[in-house]
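Please open the structure in your viewer, with the chains coloured separately, and follow the selections below in order.

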Amino acid sequence: MTTTRRPPTRNEQLQQTILYPVDWLEERSGLVGGIRYFLFRKVPGDINWFQTLGSATLTAFIVQALTGSILAMYYKPDPNSAYPSIQHITNDVFAGWLVRGMHRWGASVFIILMFLHMGRVFLFGAYKYPRELNWIIGVLLLAMGLGEGFTGYLLPWDQTAYWATVVGINLNGTAPFLGPFIAQFLQGGTYINADTLPRFYAIHMLLIPGAIFALIGLHLYLVIRLGVTSPPWSKEAAGTGTMIPSQNGGRRGLTRPSTRRRSP
Amino acid sequence: MAASERIVERRRVFQQYKEDVRERGKPFYPFAMLHDTIMSLVVVLVITGLAIVWKYTTPGDHQTVEPGWLGRLYDEPADPGTINFVPRPDWYFYFLFYLLRIFKWPPTVVIGTVGLPTVLLILLLALPFIDLRSERRLSRRPVAIVAAILVVISMGVLTYKGATAKEALGTELLALVPSWAQQQGFENNEQALAGARLFAVAGCLNCHTYLGAGGTNLGAPDLSAEGAKNKGIKFQVDHLACPACVNPGSPMPSFSGLGKERLQQLAAFLEASKGPK
Amino acid sequence: MQPHDDHPHVPGPSLWPVGFAVGVVVLMIGLIVSWWIAGLGAIVALVFGFLWVRDLTVGTPLTHTPEVPPESPTGAAVPANVGAAAMAPASLSEERYPRSKFLEASTLGLGAVIGGIVTVPALGFMVGPPFLKQGQKERRLGPLSDFPEGRYVVATYTADPTQGVVSRRTAYVRANGLLDGQPSFSIISNHCAHLGCPVQPNGPLDQQNKKQHGEVTLIPTISIAGFGCPCHGGQYDTEGNRTSGPPVRALDRYSFAIRDGDLYIGTPFSVSHVEGTGKDATIHKWTFAYPGEHVDGLESWLYPIQPPH
C-alpha cells in the first residue's frame, strides 16, 4: 500500500472519514479490537439452530431489563399506591399496556427459554470438560431467574400477588433451622407489612438483576473463551478427528464440503 | 483409563477442538449471528404479540377485572383480611404448587415445600461432577436420555396437574346452586335448595366433588349421585353428625355444629342428588 | 543521588502547606457554620502560612541532599530544620520491616476497614429491622355485647393503623361465657397452619347483622362445623384442632384483654392442640411460629429457634 503514491479516491476518502472515529476509539481503549474479536471469532461450521436458544434467552432478559426499567418510572412501590399505579400504567399511560404486557409475558418467555437452553446444553453434553463452570453459572442464573419471577409477582399488589407471596414466603419458612429467619427476612417483619413491598421491589430491581448481569457477563466470557461445541451427532465434529490428515483418511476436520470453498 | 490419562486425553481433545475450529471454523459474524438474530427476532415478536393479545382480548374498559384469553390484567386490590381467596403462583411454579398436593400428610409437608426442590437444585449444580464421561453422542448416553425424558415428562405432568387443580371457594360455589338444582331436578324442593346453599358454604367441597366442582386433593367421594344410593334422610343426618360412628376410620369431621335443622336440609339435598339427568 | 547544577530550585517536602490548606478550609466552613470556627481556621491558616513562607525564604537550596551514610543516623552537614533530612527515616538501608510488606498490609487493612464501615451498617440495615421491634399493640374490636355467646364472629381489623390497609387481619372470635367471673373468649387466627392461606368458616354467615366500628368489621356466623382451608383441603374443628389435611398443627390463637367492657385483641401464639371446648378448653400454647412449622413432636426439632416476633 505504501508503494503506490496516487491520491486517495473518493471512496477511500469516505472510508477514512468514517473509520476515523473508530480508529480514535480503538487507539485509546482497545474496545473496537475486542468487539472485532467477538464478532469474527471462529465457531464450528456445523452448529445447529438449537444453539440459538442461549442468545434468545439473553434477548428475552434484555427485553425484561429494558421494559422493567421503564416501568419503574411509573410504578410506585408503596402498598397504597402500587395497585393504582398499575392501573394507571395499563389504562392511561401511552403504550403503558404494551410495556407492562411485554414485561409480564417476557418473564414467562424468559423462563421457558432458560429451561429449553438448559435442556439443549444437557443433551449436547456441553456441560462436560472444560465447560463445567459455565453450567454451574447457568444453573445459578436459572435459580435467580425464578427468584425474579417470585419477587416480581408481588409488585402489582392485587389479591393473587399478595396471597401467592404469603404462601411463597411460608414455603421458605418451612426450611429446617434457618427457615423462620428467611421467612421473616423476606417479609420484613412478623407479618407482611408496609416494608415488604419496597423490600421485594429492591430485590427484584437491584439485587438479583445486579447478580444476573454479573453472572451473564461471566457466562458469555466463558462461552467466548471455551468455544461453542458442535452438535453431538455431527459427523465432522470439531475435536473428534486426529490432527494428522494421513491418519484420519485425509479428512481435514470440520466443515461439510461446500460449494464455495473446497478443502484441498 | 487412569485418571491422569483421562485428564491428558481430554486436554488433547480440547486442543484438537481449538485447532479444528481455527482451521475450518466459520466466523461467528455473520454465519452464526444471523441465526441468533432471527431467533431473537422471533422471541421479541412473540413477547410483543402476547402483550397485544393480553390487552386486546380483555373485555370491557379495564376498570373491572374481567379475564380475557390470557387471563386478567389485574385482580382485585390486595385485601389481607379476606376470607375468600385461593392463591395461585405463576404458571412456571405450578410443578412446585402441585408437589404440595402430593406431600399432604403433615409429617411429609417439608419434603414437598423445600426438601425435593433443594435436592433437585443440588443435583443440577453437581451434574458436571456426577457425569464425568467425555462422551457426547446421544446414542451412547442412555442414562442422560432416560433422565431427560423422565424430567420432561414429570415436570410436564406436574405443571399440567397444577394448572388444572381445583379448589372450592364458598362464594363461587353459591353461584352454582341454581345450576345444580337444574341439573339434579330439585328446583322445587325448598329443603334441598337450602341444603344446597349450606353445602356450598360449609366447606364440604374442600374435600368432596360435586357435579365438577370441589377439591379432589383429599380423595373424598364424589357426591353427585349420592341420592341414587337411597341411604335415606336418617342415615345422612346421622352420618353428618358423626361420620366416624357410622363409618369407622373416616377422616371426615363432624358437622353437628350446624344444628339439627340444617343437618336435615343437607340430608334432603344429598338425597335429592340422584345424579345429573 | 548526585546533585545537578541545573536542577531547579525546589523546596523540600514539608507539612506547612498542608496545615495552611486545612486552615483555609476550616475558615471557609466557619464562614458558613459559625464565626468561632472561622476564627480558628484563620489562626491555623496564618500560623502555617507563616511557617511555610519562612521555609521558602530561608533560601537553602536542597538540590543536593547528601547521602545519609548508613551508620550515622543524622547527616552532619544537613541542618535540622530542612525538610528531607528531618523527616527521613533513621537508616534507610537497614529496615526492620520491609516497606513493601508494610504497604501491602496497610492497603489490605485499610481496605478491610473501609469495607467494614460501608457494609456492616448497610447489612445491618437490611437484615436487622425485620427482627427488631416486632410485636403489636392491642386493638379494640368492639363492645362485649357484639359477641354472642357460643357463636363465632368474623372480625376484620387493622393491626397497625399507621401502616393502613396492609395490616388488615381477620380473626374468628367466640365468646365462651364467664370463666372465674371473667369473660372467656376463643380468638382463632384465619391463617391456615399449612401454608398461610385464608381459612374459611364451614357454615353460613349472618350478613344481615354485620357491624362496623370504625375500621373493624364484625360479621357473626350462624352456625359453623369448624374451619376449612380451600387451598389444599386442610380441615379444623371448632376449637381449631386439625382434623384432616396437610396442616401441621392447630390454628394459631390470639391473646385478648377486656377493658371498660370492650374486647381487645392482642398478640398471636401458636397452638399444637386443644383439649376440651369453650371456656374449659386446655390450650397447648407455643411461641408463635410460621405456618408449616411443627411446634411439637419429632419434627419440631427442625425449628429449634424462632426469630424474635
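This is a predicted model, and the tour begins where two of its chains meet. Select chains B and C together: 37 residues of chain B are in contact with 36 residues of chain C. On the chain B side, helix H3 (94-102), helix H4 (109-130) and helix H8 (190-201) each supply at least two of the residues that touch chain C, and H4(B) gives the most, with 3 residues. Coloured by class, the side of chain B that touches chain C divides into 21 nonpolar, 11 polar and 5 charged residues.

Chain B has 11 helices and 3 strands, and, read from the N terminus, its elements follow the order α-β-α-α-α-α-α-α-α-β-β-α-α-α. The radius of gyration of chain B is 29 Å, well over the 19 Å that the globule rule gives for 277 residues, so the chain is more spread out than a compact globule. Along the principal axes, the C-alpha atoms of chain B fill a box of roughly 90 × 55 × 40 Å. Buried residues make up 32% of the 277 residues in chain B, and among the contacts in chain B with a separation of 6 or more, 57% come from residues 24 or more positions apart.

Colour chain B next by its assigned domains, which are domain 1 (1-77), domain 2 (83-165) and domain 3 (170-272). If you place a centre on the C-alpha atoms of domain 1 and another on those of domain 3 of chain B, the two centres lie 51 Å apart.

Bring chain A back beside chain B. Here the contact takes 70 residues from chain A and 62 residues from chain B. Several elements of chain A give two or more residues to the side that touches chain B, including helix H2 (31-40), strand E1 (42-43) and helix H3 (53-71), while the largest share, 12 residues, comes from H5(A). By class, the side of chain A that touches chain B has 43 nonpolar, 21 polar and 6 charged residues. Zoom in on E1(A) and on strand E1 (residues 26-27) of chain B: 2 bridges join these strands, which run antiparallel, and B:Lys26 in E1(B) is the bridge partner of A:Val43.

Staying in chain A, select helix H7 (residues 159-173). At 1.5 Å a residue, the 15 residues of H7(A) should span 21 Å, and its end C-alpha atoms are 21 Å apart, which agrees. Of the 15 residues of H7(A), 15 are buried, so this helix is largely enclosed by the rest of the structure.

Move to A:Glu148, which lies in helix H6 (residues 132-153) of chain A. Is A:Glu148 buried or exposed? A:Glu148 has 21 C-beta neighbours inside 10 Å and therefore counts as buried. Leaving aside neighbours within four places in sequence, A:Glu148 is in contact with A:His204 and A:Ile208; A:Leu207, 59 residues away in sequence, is 9.8 Å from A:Glu148, C-alpha to C-alpha.

The last stop is in chain C. Select strand E2 (residues 152-158) and strand E3 (residues 168-179) of chain C, which run antiparallel and are joined by 7 bridges; C:Tyr152 stands opposite C:Arg174 in E3(C).

Technical notes
Residues are numbered from 1 along each chain as its sequence is written. Chains are lettered from A and ligands numbered from 1 in the order in which they are written. This is a predicted model: local features need pLDDT of at least 70, side-chain atom pairs count only at pLDDT 80 or more; totals for chains, interfaces and linings use all residues. Two residues are in contact if their C-beta atoms, placed from the backbone, lie within 7 Å. Helices (H or I, at least four residues) and strands (E, at least two) are DSSP runs, numbered from the N terminus. Ala, Val, Leu, Ile, Met, Phe, Trp, Tyr, Cys and Pro count as nonpolar, Asp, Glu, Lys and Arg as charged, and the others, Gly among them, as polar. The expected span of a helix is 1.5 Å times one less than its number of residues. A residue is buried if 20 or more other C-beta atoms lie within 10 Å of its own, exposed if 12 or fewer, and partly exposed in between; C-beta atoms are placed from the backbone. Domain bounds come from an automatic or database domain assignment. The radius of gyration is taken over C-alpha atoms; the globule rule is 2.2 Å times the number of residues to the power 0.38. Two strands pair if DSSP finds at least two bridges between them.
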